[in-house]
Amino acid sequence: MRLGWLILIAVVLIAGCTTDRTGMPRADDHLTYWTSTNPQEMAFARLIVAEWNRQHPEAPIDWEPIPAGVSSEEVLLAAIASRTTPDLCSNIWPGALEQYIEARGLVRLDDFSDFFSVMRRRMPDEMLSRFRSRDGHYYQVPWKTNPIMMLYNVRMFREAGIDHPPRTYAELLAAGARLTRDRDGDGEIDQWLMGIDLQPVWYKRMFDFYPFYLAASQGQPLIADHRPVFENRAAVEVFRLFRELFRRGYVIRSMSYSDPFLLERVAIKPNVGPWSIADIERKRPGQLEYDVAPIPRPDDVPGPSITYGDYKNIVIFSTSRRPRAAWQFITFMISKRNDLRLLEMTEQLPIRQPLLADPLFGGFFRRQPKLIPFARQAFHTRGTDAVPELKEIFDAIAQEFEACALLGLKSPEQAVHDAARRSRLILSLR
Amino acid sequence: MNQSRRRQRKARRRVEAIGYLMSFPYVLHFLVFGAYPLAFAFILIFHRWNIYLPMKWIGLGNIRFLIHDALIWKALWNTFYFVLIHVPSQLVVALAFAALLNRHLRGRTLFRAIYFMPVVVSGVVITILWQQLYAQDTGLLNRALTAIGLPRIPWLTDYRLAMPSIALMATWKNVGLYIVLFLVGLQSIPRSLYEAAALDGASEWKQFWHITLPMLNPTILLVLILSTIGGFSLFVEPYIMTGGGPANSTLSGVLYLYKQAFFFNRMGYAATIGFFWAMMIFVVVLVQRKVVERDVG
């Protein structure tokens, strides 16, 4: 009797420990798709998966949000290590892609015979080539972009006698002199030029230093041929600008949970993507009048302003037993019709050129004119460099940015030199 | 005769077997949680490993990185700075309170319990409480300062003040433990020594200087070593209060090790820092032993 119980318990335990390769029990022919956890993207996933499943009963898809974790990148790396990845995922930050490739977690997409023809329907070769990995192959489908731009308070600018948003560093500093002031006459400054997140955390610098660096350098990389190449005039100018903005007191320093731009305590928010427009529209007080402008650049930089694209892309994981079916689902997901749905449901821009000139998308932009500058900017964007040590390199920059700009402990030249030296050291340990 | 010898041998073997059996849990615990991690960490020193990929042999790469890594030297300096403030203040405060609590005071048991309380409360909880106390705009300390017309102090946001602020908090938290150790030491000093000194006309201060301090030498050494090791293990306070900032002024060695291991997934380099840190503690404690034993003993 006791032996019988023991056998039963052992069987139950063993059965409980057994999973398929993706770690979750499912029917063999089903594909699993992980999406971002934001409600708009989940609604989009729900809609297109339902439509796909109706049209393709031979390759049904189960979708679910990426499991909770410190960050989706860490969840995905852990899943790759334990071989519990889904078939595909659509929330891939290209900055982490090289790590996934190194861990042999991804399927090479240019092995699919129609990869280039599908891609060329969405974008020119020049743009596609920005998503090529270090080994010369493609592991990601460029899906959506959130170009980082600058929001400015039109009323505050008008009241200060400034008729256009600052385009250069000289104009930005001049605007700071007029806009930073004591509004209520109590002897303390209560209105500033701009607000940025002051925490010296690596990813925060992707939304201030990095867009400004791309704009100043006309889109130059930080790392090339496994060497830091940012010890240049552009990086020094960006550090110098922020140091000057902090030194003159044009940047709000107090940290608060409320957005000072919405409270009209700062005139500029220099780090927003199209995703934030819906949020601002929902929360903004009635009198807030704002517009969107490109990131300012040093006074003598020619050509269009280039910014950080904050791309999110789609990949197929090497654990997939049906990569071909997963690829077919991706081609369905990035069709023109579904790109329009993505735009309408999430207000994030599909990486598709031309976007504004296409009549299919025209209606949306007429209804949402605030997103037009982002769509115009979308072609003039860059991603991050394809190096697995990217996080550490941004950490090095964040530390020096804090020392130079916020605390004034180092000259811009010294801070950029030190960040480059540390990056060299980081890249040397391979 | 032979039979009785055989019986004796059998009994001895049984005792030995019981001995092995009794020590087995400890040996197992040591192998699993002591020897294995230590050996694995040592192997890691010569490898690059990010958990997700197989380990890659890089020879002395991690050690070379450590030598050229400005941040580890910054962390070492920060830790010395912390120890330099924390250990003497810990010693002085703990000894002063222990001497006070060793007298026949009313309610001294209650005071002993109160001073020991922070030791048993979770370090994270205490750190969060102190973070609130130190807050620039809303902290109790700055509100008290502004109430009496003094300016606010940027306790944790000024790179010159952040580490002393953390050291002050750490002293407050740990002092209870060292008070207990000193109390034990004080109570083991024979009363006859004080009585003889009093008869010879020695003042209280002279008694303290010539009897209490020399007799407390082993306790002082113990407190010194324990608080130095504690100082080198500084982690929770900067991790929660400052994240190592501003400008890496509160980056401790263990916090840097943690960041390398679990933030950047550089397990090999983190292991290298771990061994380097253990070496540093060993050297510092060795120096302390020599100095304290020679001077006070």
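Student: Before we start, what should I know about the numbering and the cut-offs?

Tutor: Residues count from 1 along each chain as its sequence is written, while chains are lettered from A and ligands numbered from 1 in the order written. Since it's a predicted model, local features need pLDDT of at least 70 and side-chain atom pairs count only at pLDDT 80 or more, while totals for chains, interfaces and linings use all residues.

Student: How many helices and strands does chain A have?

Tutor: Helices here are DSSP runs of H or I with at least four residues, strands are E runs of at least two, and both are numbered from the N terminus. On that basis, chain A comes to 17 helices and 14 strands.

Student: Parallel, antiparallel or oblique: how does α10(A) lie to α17(A)?

Tutor: Helix α10 (residues 233-247) and helix α17 (residues 412-428) of chain A pack at about 125 degrees, axes 9 Å apart. Axes are lines fitted to C-alpha atoms, for helices over the stretch in contact, with angles from 0 to 180 degrees between N-to-C directions. Under 35 degrees is roughly parallel, over 145 roughly antiparallel, 65 to 115 roughly perpendicular, and the rest oblique. That makes α10(A) to α17(A) oblique.

Student: And how does α7(B) lie to α10(B)?

Tutor: In chain B, the axes of helix α7 (residues 162-187) and helix α10 (residues 217-232) come within 10 Å and cross at roughly 165 degrees. That makes the pair roughly antiparallel.

Student: Which residues of α10(B) make that contact?

Tutor: Two residues are in contact if their C-beta atoms, placed from the backbone, lie within 7 Å. From α7(B) come B:Asn174, B:Tyr178, B:Leu181, B:Phe182 and B:Gly185. The α10(B) side is B:Thr219, B:Leu222, B:Val223, B:Ser227 and B:Gly230.

Student: Which helix of chain B gives the most to the side that touches chain A?

Tutor: The contact between the chains takes 14 residues from chain B and 15 residues from chain A. With three residues, the top contributor on the chain B side is helix α2 (residues 61-68).

Student: How far apart are the centres of domain 1 and domain 2 of chain B?

Tutor: An automatic or database assignment sets the domain bounds, giving domain 1 (2-44) and domain 2 (62-295). Taken over C-alpha atoms, their centres are separated by 39 Å.
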